[in-house]
Amino acid sequence: MKPPYIAAATVNLPTFTPSPQPSRTSLHYPLHSTPTRITLTNSIRVPFISYCLNSTTTDSSTISPPQDESSLQNLLPPVKKKRKAYRRLRPGEAQGITEEMRFVAMKLREKKLKLETDKLDERESEGSDDDDRTWEPELDGFLRYLVDSEFVFRTVERMVDESQDVSFAYFRNSGLERSESFAKDIEWLGQQDVTIPEPLFTSKKYVKYLEELAAQSPPLFFCHLYNIYFSHIAGGQVIATKVSEKLLEGKELAICKWPGDPEELLKGMRDKLNALAQHWSRDEKNKCLKETNKCFMYMGTLIRLIIMR
């Protein structure tokens, strides 16, 4: 007997009915000599959307099939590649830093000659007879030239020998050293009852400037080093020989003696400097070219001491 408080419950369970098998229909085409049978299957087909249209578009002519990536690239305008700009080489840059400095020196020389020509034309227009005067070398001026040159060369060579920078080792024992040669000529003149003067303030100022460059910027120091030897070989020796012929009865000076061909010795230094400068930046090279002007200015001051009265 069931309890009175429990009511009967009826649950309607769903009944499973297997889906009917798809029916097959055969079609015959009498036009063919051989009967062809095509079997159709009544199966459910899922619709496939090939591409979407804008809801506002009603004209079917605007529908176009999607294009692949290659065809799209062909429709785009060609991309113009930016032209790479190459820096214009400075005169002599392909041969090395020493050739660049030579072009700067030639330009300075042409500028100096132009100034001298303009001054000569100005004197001629004013009727001045200063151009008839000739400057003759003086023994006191030549001695001062030797003293100041020895002071500059001795300081430069000492800095090259004592520097801890490995790049300075390339210029040691080059055969171009001149400080001892200048000292010998000064000693010989001192035996001729000539008072040996002290180096001038301008030479001391130049030496101090070289010491600062050797500590702060070796490339700039090497620029002065090369130009000092170059100016001495190219111009200093010629002037010293002429002075010796006029004042010293043609005595062969020690500064005109070399352990080898001075041009070959200078070429050796030139090759080393060019090889070393390949590791410098373009900015450092440009600064060296500017230093060339200062070097020739100081060396010109030394040369003018010969005609100092």
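Before you click, a word on axes: they are lines fitted to C-alpha atoms, for helices over the stretch in contact, and angles run from 0 to 180 degrees between N-to-C directions. The model is predicted, so local features need pLDDT of at least 70 and side-chain atom pairs 80 or more, while totals for chains, interfaces and linings use all residues. Residues are numbered from 1 along each chain as its sequence is written, and side-chain values use heavy atoms, leaving out hydrogens and water.

Start with the whole protein chain in cartoon view. You'll find eight helices and two strands, in the order β-β-α-α-α-α-α-α-α-α (DSSP runs: H or I of at least four residues for helices, E of at least two for strands, numbered from the N terminus).

Next, select residues 218-247, helix 6, together with helix 7. Their axes come within 11 Å and cross at roughly 160°. The pair is therefore roughly antiparallel (angles over 145 degrees).

Which residues of helix 7 are buried? Colour Pro 262, Leu 266, Met 269, Leu 273, Asn 274, Leu 276 and Ala 277 (buried means under 20% relative accessible area with a 1.4 Å probe, protein chains only). Look down the axis of helix 7: these buried residues fall within an arc of 160°, so they line one face (the arc uses directions from the axis to the C-beta atoms).

Last stop: Asp 261, where a side-chain oxygen reaches to within 3.2 Å of the backbone nitrogen of Glu 263, at the start of helix 7.

Notes. Buried means under 20% relative accessible area, exposed over 50%, partly exposed in between (1.4 Å probe, protein chains only). A polar contact is a pair of N or O atoms within 3.5 Å; within protein, one must be able to donate a hydrogen and the other to accept it, and residues adjacent in sequence count only if both atoms are side-chain atoms. Angles under 35 degrees count as roughly parallel, over 145 as roughly antiparallel, 65 to 115 as roughly perpendicular and the rest as oblique.
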